[in-house]
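Let's take a friendly walk through a protein model, one region at a time. Keep the structure open beside you as you read.

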Amino acid sequence: LLPIPGRLKLARTGTPVCDDFLAPVNTNNEGPVRKWKHLIAVDDDTLFVIDSGGKMSKLQYRTGEKTFFQTVSSTDFPQPIDVAPTLHKGRLITADAAGMMHVLDVTAGETRAEVALGGPASKPLWVAEPLLLAEVARQKLIAFDAAQPKLPLWTYNLEGVGLVGSPLLFGNVLIAVQQSGDVLRIDAKTGQVEKKHALGQIATHGPMRLGNLLVVLTADGSLQHIESLVPEMAVAAKPEPTKPAAAEKPAEEKPAKEDKQADTADKPKADL
């Protein structure tokens, strides 16, 4: 589904041809005032679309005599939704420019929670069950209960250095990477930083799990290993000691076979 000025266009081959969804946006002589910001697919036939003015519409793909997108419901947020919403277990979680987090039931279309973050979200919200994490204005990392995100569980001061990538949860250990190259090992229950590991250069993405390895991509294009921050991963990633190769036994010399023909030739022939 392509978001183009003033309409949504379904790009497909074959039939049936789907009618364009015309955007109900304000226009002026220079074209549409509002622009598409986010498209979030719920399932094969349903999606949410949000424009730059904060209007969110729930659309369904309909077939019959005509094929088109039908508006099921719409919501006007008081502020624009600047960061991409997060879809998790039938709930759409958004954070607007005024720092308000909204949790919407995608089936019923009802708001389940509204939480003031204290500032605009500087990244899309992350779900690392059982936690819902929000980075606010690059100043703090706030953790909520993902099942009932109403009151913060804890807050960590980022001191103006935002995160890269998505934080990962390993049991009770949360691993998050700041752009400065500091890797944080956080107690997921209390928010206390148990260990801070400095990579010595800017981090561009991470943490990333690759099998039994945990790595961070840095500005020079290298992968920095950080398995040591997660004990169970450090054990799994530790190579097994190689056993010395067994010494090969010298091959036993087999007695040479007697040449029967030579032996026969040496014997005197019996007289007939």
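Let's begin with an open sheet of 4 strands, in the order S18-S19-S20-S21, whose pairing is antiparallel. Strands here are DSSP runs (E, at least two residues), numbered from the N terminus, and two strands pair if DSSP finds at least two bridges between them. The edges are strand S18 (163-170) and strand S21 (193-198), each pairing on one side only. From one strand to the next, the twist averages 15°, with axes taken as lines fitted to C-alpha atoms and angles running from 0 to 180 degrees between N-to-C directions. Strand S20 (residues 182-187) pairs with S21 over 5 bridges, in the antiparallel sense, and Ile-186 stands opposite Val-193 in S21.

A word on what you are looking at: this is a predicted model, in which local features need pLDDT of at least 70 and side-chain atom pairs count only at pLDDT 80 or more, while totals for chains, interfaces and linings use all residues. Residues are numbered from 1 along each chain as its sequence is written, and side-chain values use heavy atoms, with hydrogens and water left out.

Now find strand S11 (residues 91-95). It is largely enclosed by the rest of the structure, because 5 of its 5 residues are buried (under 20% relative accessible area, with a 1.4 Å probe and protein chains only). In a regular strand, side chains alternate between the two faces of the sheet. On one side of S11 sit Arg-91, Ile-93 and Ala-95, and on the other Leu-92 and Thr-94, all buried.

S11 has two antiparallel partners to look at. Strand S10 (residues 86-88) pairs with S11 over 3 bridges, and Leu-87 stands opposite Leu-92. Their hairpin has 2 residues between the strands, and Lys-89 takes a positive phi near 50°. Strand S12 (residues 100-105) is joined to S11 by 5 bridges, with Ile-93 opposite Val-103. This hairpin has 4 residues between its strands, and Gly-99 in the turn has a positive phi of about 85°.

Where is the aromatic pair? The structure holds 1: Tyr-61 and Phe-69, tilted, at 5.5 Å centre to centre and 50° between the planes. Rings of Phe, Tyr and Trp (its six-membered ring) pair if their centres lie within 6.5 Å; planes under 30 degrees apart count as stacked, over 60 as edge-to-face and the rest as tilted. Both Tyr-61 and Phe-69 are buried.

Notes:
Buried means under 20% relative accessible area, exposed over 50%, partly exposed in between (1.4 Å probe, protein chains only).
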